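Dear colleague,

Please find below the structure that I am handing over to you, together with its sequence. My notes on what was found in it follow directly after.

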Amino acid sequence: MREVLREQDPDVALTDWDNPGLIGGEEGARPPGARAARGPGERPGAACAALRGDPAAADLPPRLSLFGPTRLPAEHLAVLGALAEHREVHLWLPHPSPALWAGVEPLRRVPQRRADPTASLPRHPLLSSLGRDVRELQVRLAAAAPSLVDHHHPLPDPPATLLGRLQHDLRQDRPPTGESPPRPDDRSVQVHSCHGPDRQVEVLREVVLGLLEADATLEPRDVLVMCPDIETFAPLISASFGLGDREAPGAETHPGQQLQVRLADRALRQVNPLLDTVAQLLELADARLSASQLLDLLGSTPVRRRFRLDDTDLDRLRELVVRSGVRWGLDAPHRAPFHLDGFPQNTWSAGLDRLLLGVAMAGGSGEQEWLGTALPMEEVDSGDVERIGRLAEFVDRLSTVLSRLAGEHTLDEWVAALVSGLDALTDTTATDAWQAAQARGELADAARAAGPHAAAVPLGLADVRGLLGEQLRGRPTRANFRTGTLTVATLVPMRSVPHRVVCLLGLDDGVFPRAGVPDGDDVLARDPLVGERDPRSEDRQLLLDAICAATEHLVVVHSGADERTGARRPPAVPLGELLDAIEATAGAGAREHVVVRHPLQPFDARNFTAAALAAPGPFSFDRAELAGARAAAGPKSSARPFVTGPLPPVERPVVTLDELVTFLEHPVKEFLRQRVGLSLFAGEDDPSDALPVDLDGLATWAIGNRLLHDRLAGHDLDHCRQAEWRRGELPPGALGDAVLTRVLDDVEPLVAAAAPLRVGEAQDRDVDVSLPGGIRVVGTLGGLHGTVLLRVEFSRLAPKQRIRAWVRLLALTASTAEPWTAVTIGRGTRFGLSRASAGPLDPAQATDVLAELVELHRAGLREPLPLPTVAGHTYATVRRGGADAAAALEEALRKWTSGAGAEQADDAHVRVWGRAPGPGVLTAPGGPGSEPTRFGALAMRLWAPLLTAEDVVRL
């Protein structure tokens, strides 16, 4: 009908727009320029006159049939009336009640909805609450075609089930009487109340399998699943159905995985990645362009193909973008609307400058040369050169595309800009070439539908978003229904097509029916006529059509409880009305007979208990969840230990110094990494999109550690300040100045304290120590000034730093037999500075102690040693002070269990000993010796020699 209108008059006006009565007689209600803003939805008066005057004006056969409408707009009725002047026009209308049809008297004119005399005619409550659309269509038809002739095509009587009785009452428009309750085995109407969308799909799968098992004649094509919010449920349905190997029926998978599912009516941007790119470009046109937004766009399939990026490239680019400090904004001018144009740091321009300079000015990690406001990125690999080039090209092209999407343009210009953006940013394989054709076709259709206004009327970004949002949203499609698969669609395309089983999924309160809030400038919605569009009424009519389309079973699945709290949720209002009608039809107990409340978890025992969930046998077919239910019902047992006993020893003739040091800093973590091969490193977080305003402790430490390193490398203070500003990790403006001043107040005393010990240039020394038993310890030590092994830490001086310096001193002394001193300087526990000094040592003693530590390392690779660093240091310190083992253990347990940094919460300890491991880790008895616990013996073995040789002072 739209094509018929376009052929006759592509620019016909809304004839009553200038009539004050249409808008309630209000002066000025019609906006300026509205007379010129005429589009494809206008009244087809001239076109209809042409159709009446010349029947050959439309290339149509002498007989037309239109199937399935429950609502027809006025313009469609006008066109049908004009066509009916010279042709037979047949409307095949699904109607729930021939009795109601017969009771509606034709009206000469269409009344206002508030004065509709037919509103009180329906006697059945569902026809009254859900059937307004089809009743109002009858009124509009009678007014538009007074000579209308109707003919009813009756259906066979429904079966004597609860569903059949409900449908029979609807056909007769008879109030339900509630004379007889449903039979106990009558499951023709089922309402399943679940916890959230995930559980809804799981329950639906079990219900469908149960119906297929109970009736050998039922096939998947006889089952229709309709869902008002298909985009929410589509990934859940894809994960629950059709993933099994059909060639391996005996495989241990859920039987539902063997059911093939066809998803229809998906939004175009969900099925066509190029149309998703169009939607993303419109979203980015006035967005902040954060790091995550652009990286997500770059990672989409058509864009990554255009720039020849694989998964490794994307992961590396994500890491580089995070390190370069990009947060949001193309450049400083792009931040002007947010009044941050004076702060160019953390923009894409600043980050790319750092990356590109890192390629062009590659140097050592201690160099600090910059160009303008850009500091070259350190540690840019040769393999990153091409990646960074492609990233820069992507950002440049995207910037060009987005510049064309700013301001107001005609629709033709918007379409041209979006097509140009697709050409610049995307590519497809030959197999997926249809995606490009469809994307360009959809954009062209949007312009074509606007007619001559596409080249004349300027539109803003919000207008284009709304226009194309309608174009790209999910809509009824001509999918291949009833092809042998289970069909899942929206409520629209198949709502009136009879199926043996009709399932309604996701009828949740707040989702169904749609809100239907009219636009503020919709003058027709102020006092609508009978038959004018109302989304809430449309959804209600769809539910009524679905009820009438089910021939054997009607299954409704909804969220009846919160998936987090378990609190009951009310059903959607139309579903509540259906339950009320069922109760009125079959008596007070019908609601409890129909509604099934499901447990939260699929492994709940009720899923596998006969008749527990209104099924004659067990409700669930999931064998994996059955095993879980049996395990949950079985005897409880404590968690198995991470290792049941020591592993075989590792014969390693060479131990690197770094491996030994990291092990003694954290024995359990290094057991997992060095022996088990399990890393607890979680990787980089997603890029932060917020400017660094309030830095956390770790970010502040990183800045301080870097400034300390640069100052010790010989860079002057102002040079270091300028370099740090260019990294983009400081808050903007005065906030950054405050952070930098506070951090430098901690850095400069460390530099001053280290100055007397930093004699000459720092030297490196290789160490190679041969120990009894043929084991060698090898490595390289830096930070040697004269005979001092110096390390300056921005961290607070803690046991970890002290054990590191101790092991390095032992290796250096044992290797060179020279009198070395290890000095470690760090911040104090609460304020000031602390310095730990050890040495010189006797070379033979150093060799013996190092051999003992290597043996401890060897034992720690066979099993997790109960030797937490801080607790072990505390125990040894208290024991060395003269306290008994019980007092030392009490203090160690306090460190193990108390405070924000309690070691029992360490990830490695949790992995080995479980969540919140108790004091038993430290109190387990040990072997013969002076310490009653194994922890105490290990702590003294590690820390006693260090505490004897070390001197810690506060500066």
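How many of the eleven residues of helix 7 (residues 162-172) are buried? Before the reply, a word on provenance: this is a predicted model, in which local features need pLDDT of at least 70 and side-chain atom pairs count only at pLDDT 80 or more, while totals for chains, interfaces and linings use all residues. Residues are numbered from 1 along each chain as its sequence is written, and side-chain values use heavy atoms, with hydrogens and water left out.

Helix 7 and the residue that follows

Eight of the eleven residues of helix 7 are buried, so this helix is largely enclosed by the rest of the structure. Buried here means under 20% relative accessible area, exposed means over 50%, and partly exposed lies in between (1.4 Å probe, protein chains only). Helices (H or I, at least four residues) and strands (E, at least two) are DSSP runs, numbered from the N terminus. The buried residues of helix 7 are Leu162, Leu163, Gly164, Leu166, Gln167, Asp169, Leu170 and Arg171.

Asp173 follows helix 7 and belongs to the loop between helix 7 and strand 3 (189-195). Although Asp173 is not a glycine, its phi is positive, about 50 degrees. With a relative accessibility of 5%, Asp173 counts as buried. In space, the C-alpha atoms of Asp173 and Ser128 are 9.7 Å apart, while the two residues are 45 apart in sequence. Ser128 is part of helix 5 (residues 125-130) and is partly exposed, its relative accessible area being 39%.

Other backbone features

Most residues other than glycine have a negative phi, and most peptide bonds are trans. Ala817 also deserves mention in this context: it is a residue other than glycine with a positive phi, near 55 degrees. Ala817 sits in the loop between helix 29 (799-816) and strand 16 (821-827), and it is exposed, with a relative accessible area of 52%.

The peptide bond from Phe512 to Pro513 is cis, its omega being near -5 degrees; Pro513 is in the loop between strand 9 (499-505) and helix 20 (535-549). The bond from Gly839 to Pro840 is likewise cis, with omega near 0 degrees. Pro840 lies in the loop that joins strand 17 (833-838) and helix 30 (843-860).

Helix packing

Axes are lines fitted to C-alpha atoms, for helices over the stretch in contact, and angles run from 0 to 180 degrees between N-to-C directions. The axes of helix 31 (residues 869-880) and helix 32 (residues 885-897) come within 8 Å, crossing at roughly 155 degrees. The two helices are therefore roughly antiparallel to each other (under 35 degrees counts as roughly parallel, over 145 as roughly antiparallel, 65 to 115 as roughly perpendicular and the rest as oblique). Contact (heavy atoms within 4.5 Å) involves Val870, Ala871, Thr874, Tyr875, Val878 and Arg879 of helix 31, and Ala885, Ala887, Ala888, Leu889, Glu891, Ala892 and Lys895 of helix 32. By class, these residues divide into nine nonpolar, one polar and three charged (Ala, Val, Leu, Ile, Met, Phe, Trp, Tyr, Cys and Pro count as nonpolar, Asp, Glu, Lys and Arg as charged, and the others, Gly among them, as polar).

Helix 11 (residues 273-284) and helix 17 (residues 411-425) pack at about 115 degrees, their axes 10 Å apart, which makes helix 11 roughly perpendicular to helix 17. Leu274, Thr277, Val278, Leu281 and Leu282 of helix 11 meet Leu418, Leu422 and Leu425 of helix 17. This contact has seven nonpolar, one polar and no charged residues.

Salt bridges

The whole structure holds 60 salt bridges, each being a side-chain nitrogen of Lys or Arg within 4 Å of a carboxyl oxygen of Asp or Glu. One of them joins Arg199 to Glu202, with the closest N and O atoms 3.1 Å apart. Arg199 and Glu202 are three residues apart in helix 8 (residues 196-214), and are thus separated by about one helical turn. Arg199 is buried, at 5% relative accessible area, whereas Glu202 is partly exposed at 22%.

Arg776 pairs with Asp768 at 2.6 Å between the closest N and O atoms; Arg776 is partly exposed at 32% relative accessibility, and Asp768 is partly exposed at 38%. Elsewhere, salt bridges that share partners join Asp313, Arg316, Glu319, Asp381, Asp384 and Arg387 into one network.

With kind regards
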